[in-house]
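Good morning, and thank you for coming. I would like to take you through one structure, step by step. Please look at the display before I continue.

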Amino acid sequence: MSMNLYERIPNNVNLSGDKRLQRALEKWLPNYLDWWREMGPDGFQDKEVYLRTAISVEADGWANFDYIKMPDYRWGIFLKPADPNATVGFGDNYGMPVYQEVPGEFRNALRRIIVTQGDTEPASVEQQRELGKTCPSLYDLRNLFQVNVEEGRHLWAMVYLLQRYFGQDGRDEADELLQRRSGNPDKPRILEAFNQPCDDWLNFFCFTMFTDRDGKFQLAALAESGFEPLARTCQFMLTEEAHHLFVGETGVGRVVKRTAQLIKENPHADVRELGAIPLDIIQRYINFWFSYSLDLFGGEISSNSADFFAAGLKGRYKEQDNYTEHTAANENFMLTVVEDGQLRQREVPLRNALNEVLRGEYVKDCERAMTRWNKSIKDAGLDTELYLPSTRFHRHVGEFAGHAFDVQGNLITKEAFESRRAEWLPSFADREYVRSLMHPVTEPGKIANWIAPPAAGIKGKPFEFEYVRL
Ligand SMILES: [Fe+2]
Ligand SMILES: [Fe+2]
């Protein structure tokens, strides 16, 4: 019986020893599968895909590669093994034993964090549902599906926490995670970036580059949480997330490289006639996804962030490695804010600025990728660069929402913004053009014209490998 259960829901949380949780998850499982069939990748459910599956957290178990049909993927529940001596790593309870149950006064807030994180996972699968039909290569198709099944597993991870630690409320929330739908006006996903359409591959690569990367920083901040089950869950999710970010960063990079290469070979031709994506369109996609992803970090000044840090629930990025002082109680942080129609500096207690501190780490990580992309433009001998817009540009959350800024971050009028919108953000025509390039290439070893092949295949296999059997 327990073997049977393990086959169905691989786990390292002793599921067979917790009957109530087991019942809740077994009830949720068929609903999850219904959701996957309805909202998972359209048109490929019966195809064999060369996927990695986590069957344990050990080094030899977390990345098992084999052909599998997606509905047969074994979505498991894995937490990084516990450290019996773990202590709270920051905040007012620094150095005390970690919490094994949810601290009562933070129950609602913590449930909200878990639900919000959990909601993004199925949302992204829904956003990407049609993309398989226009894949640039079998390699990319396989990567899309790998990301999709793992986002499904991350949903499982959050549902485990809800069902195990939050009683009936948690079970209700777990059900609702399968009921909201990305972009649905009546029951949308919680965060706006997850209601944006992701209907072409440039969008997909930007999404996995910029929006999944927000996930990396949120998970990292929770991976050192004093609520130990949450910390251990997030630590394991981060191992999978690294591949998603790789798909995004190298995906955008390969598009940039291909465009630069074609311009170099045909210096007098129109990029569009060469069938590539112009760099200015790529720049507008970057502006769009970067700005929406910055919103996901929350307001610049936040009492929630202060409360969470104080309680030892959500820390800074690499709190243990990057900081020596872990209470952040007596420090201040200088922020830029809008006051009386002008940009001003304001000093706030550091704990209230932790969303902004985390956002700053994220921006640094994006800049690193940007440098790589620009190198391939430079290598092609072109005298142009891609850039990240100012963190004030096109914001819908926090201090800068409701004001208009140019890409350098200068405060401008809303009229001035609107008159330059098409210069800075993807227009309908841009999206139409990108979509016009999206034709499926499914022959092993072949690739669409608008993107460069990857530097290497998956798990030591060549690019020509049949990553998906169609
Ligand atoms: Fe995820
Ligand atoms: Fe992800």
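Let me begin with spacing: along the chain, the donors of the iron ion (ligand 1) follow the pattern E-x29-E-x2-H. Please keep in mind throughout that this is a predicted model.

Which residues coordinate the iron ion (ligand 1)? They are E121 (OE), E151 (OE) and H154 (ND1), at 2.0 to 2.2 Å. Within this site, E121 belongs to helix α3, residues 107-127, and E151 to helix α4, so that pair links distant parts of the chain, 30 residues apart. Both E121 and E151 are buried.

The iron ion (ligand 2) is coordinated by E151 (OE), D212 (OD), E241 (OE) and H244 (ND1), at distances of 1.8 to 2.6 Å. The sequence spacing of these donor residues reads E-x60-D-x28-E-x2-H. Why is the arrangement called irregular? The 4 donor atoms around the iron ion (ligand 2) subtend angles of 91 to 170°, and this makes the arrangement irregular. For four donors to count as tetrahedral, all angles would have to lie between 85 and 135 degrees.

You will have noticed one residue at both sites. E151 bridges the iron ion (ligand 2) and the iron ion (ligand 1), and the two ions lie 3.4 Å apart. Because E151 lies in helix α4 (residues 138-165) and D212 in helix α6 (residues 201-222), the pair ties together parts that are 61 residues apart in sequence. Are these two residues buried or exposed? E151 has a relative accessibility of 1% and therefore counts as buried. D212 also counts as buried, with a value of 8%.

Let us stay with helix α6. It has 22 residues and reaches 30 Å from its first C-alpha to its last, close to the 32 Å expected at 1.5 Å a residue. Where is α6 kinked? The kink is centred on F207 and amounts to about 35°. At the start of α6, a side-chain oxygen of D200 comes to within 2.9 Å of the backbone nitrogen of L202. Since 22 of the 22 residues of α6 are buried, the helix is largely enclosed by the rest of the structure.

S293 lies in helix α8, residues 279-295, and is buried, with a relative accessible area of 0%. Not counting residues up to four places away in sequence, S293 touches F210, T211, D214 and Y362.

A310 is found in helix α9, residues 303-310, and counts as buried at 14% relative accessibility. Leaving aside neighbours within four places in sequence, A310 is in contact with G91, D92, N93 and R351. The C-alpha atoms of A310 and Y94 are separated by 9.0 Å, although these residues are 216 residues apart along the chain.

A328, by contrast, lies in a loop, between α10 (319-322) and β3 (332-339). At 1% relative accessibility, A328 counts as buried. Among the residues that A328 touches, outside the four places on either side in sequence, are F309 and R351. The C-alpha atoms of A328 and E415 are 41 Å apart, and the two residues are separated by 87 residues along the chain.

Thank you for your attention.

Methods. Residues are numbered from 1 along each chain as its sequence is written. Chains are lettered from A and ligands numbered from 1 in the order in which they are written. This is a predicted model: local features need pLDDT of at least 70, side-chain atom pairs count only at pLDDT 80 or more; totals for chains, interfaces and linings use all residues. Side-chain values use heavy atoms; hydrogens and water are left out. Donors are N, O and S atoms within 2.8 Å of the metal (3.2 Å for Na, K and Ca); water is not among the atoms, so sites may look incomplete. Four donors count as tetrahedral if all angles lie between 85 and 135 degrees; four count as square planar and six as octahedral if opposite donors are over 155 degrees apart and all others between 65 and 115; anything else is irregular. Helices (H or I, at least four residues) and strands (E, at least two) are DSSP runs, numbered from the N terminus. Buried means under 20% relative accessible area, exposed over 50%, partly exposed in between (1.4 Å probe, protein chains only). Contact means heavy atoms within 4.5 Å. The expected span of a helix is 1.5 Å times one less than its number of residues. The bend at a residue is the angle between axes fitted to the seven residues ending there and the seven starting there. A polar contact is a pair of N or O atoms within 3.5 Å; within protein, one must be able to donate a hydrogen and the other to accept it, and residues adjacent in sequence count only if both atoms are side-chain atoms.
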